[in-house]
Amino acid sequence: MELPLVAAAADKTKKSTDKDKAAKPRSPLLVTALIAVVAAGAAGGGVWYFTQSHDEKTPAKAAPSKAAVPAPAQYFGLEPPFVVNLNSSFNGPRYLQVEVQLMTRDPAALEAIKLHAPAIRAKLLMLFSQVEPAQIADRAGKERLQADSLAEAQKLLKAETGSKGVDELLFTSFVTQ
């Protein structure tokens, strides 16, 4: 009768040996891979932690302020195009035709521009008629004329409304002949 007891004891010994084999890692490669994954996770977490703002008094820099976005541009075209005789004593271009657009970002200034458009037009007409062909022969000359024209429009609006009103003056067509 002792035999079945010994067999049962042998079966228990055999099962515990199988459990010991299952508990041991099968490959050092698996251990190395697990260590690498844990190390990479720790490194990523460290980078994230140190790149975050830890100053609780200042808000995060990622939120842009609404004041940084300018108001939409609004344009007003001075119609019809300006056509002036050029102040010339040689056989070069005899006239200038230019289309002008005024740009502002202030709706109130746009209304002031519309109201004072005849006066702005008169000032620009006088300015354009004083131009000599040599003065506008190159890009730099055209840009100087554009800057002078903007200054004239701003000067007139400043006198009439107390504000410059015009942010930019654009030549949308420029022809000399």
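Biologist: About how many helical turns separate Glu 111 and Lys 114 in helix H3 (residues 107-115)?
Modeller: First, the ground rules: this is a predicted model, where local features need pLDDT of at least 70 and side-chain atom pairs count only at pLDDT 80 or more, while totals for chains, interfaces and linings use all residues. Residues are numbered from 1 along each chain as its sequence is written, and side-chain values use heavy atoms, leaving out hydrogens and water. Helices (H or I, at least four residues) and strands (E, at least two) are DSSP runs numbered from the N terminus. Glu 111 and Lys 114 are three residues apart in H3, so the separation is about one helical turn.

Biologist: And what links the side chains of Glu 111 and Lys 114?
Modeller: Glu 111 is partly exposed at 48% relative accessible area, and Lys 114 is partly exposed too, at 40% (buried is under 20%, exposed over 50%, partly exposed in between, with a 1.4 Å probe and protein chains only). Their side chains meet with N to O at 3.8 Å. The cut-off is a side-chain nitrogen of Lys or Arg within 4 Å of a carboxyl oxygen of Asp or Glu, so what links them is a salt bridge.

Biologist: Which residue does Glu 143 pair with in a salt bridge?
Modeller: A search of the whole structure turns up two salt bridges. In the one with Glu 143, the closest N and O atoms are 2.7 Å apart, and both partners lie in helix H5, four residues apart, about one turn of the helix. Glu 143 is partly exposed at 40%, and its partner is Arg 139.

Biologist: Which residues make the nonpolar surface patch of about 430 Å²?
Modeller: Patches take residues with over 30% relative accessible area and no salt bridge, joining like charges within 9 Å and nonpolar side chains (Val, Leu, Ile, Met, Phe, Trp, Tyr) within 5 Å; areas come from the Shrake-Rupley method with a 1.4 Å probe, and for residues only the protein chains shown count as cover. One member sits in H2 and is exposed at 67% relative accessible area: Phe 50. The whole patch is Trp 48, Tyr 49 and Phe 50.

Biologist: Moving inside, how far apart are the C-alpha atoms of Val 100 and Gly 77?
Modeller: Val 100 is in strand E2 (residues 95-104) and counts as buried at 2% relative accessibility. Leaving aside neighbours within four places in sequence, its contacts (heavy atoms within 4.5 Å) include Gly 77, Leu 124 and Phe 171. Val 100 and Gly 77 are 23 residues apart along the chain, yet their C-alpha atoms are separated by 6.0 Å.

Biologist: Which residues of the largest nonpolar core touch the most other members?
Modeller: Such a core is a set of buried Ala, Val, Leu, Ile, Met, Phe, Trp, Tyr and Cys residues joined through side-chain atoms within 4.5 Å. Beyond four places in sequence, Leu 124 contacts Leu 78, Val 100 and Leu 169, among others. Out of 27 residues in the core, those touching the most other members are Leu 78, Val 100, Leu 102, Ile 120, Leu 124, Phe 128 and Leu 145.
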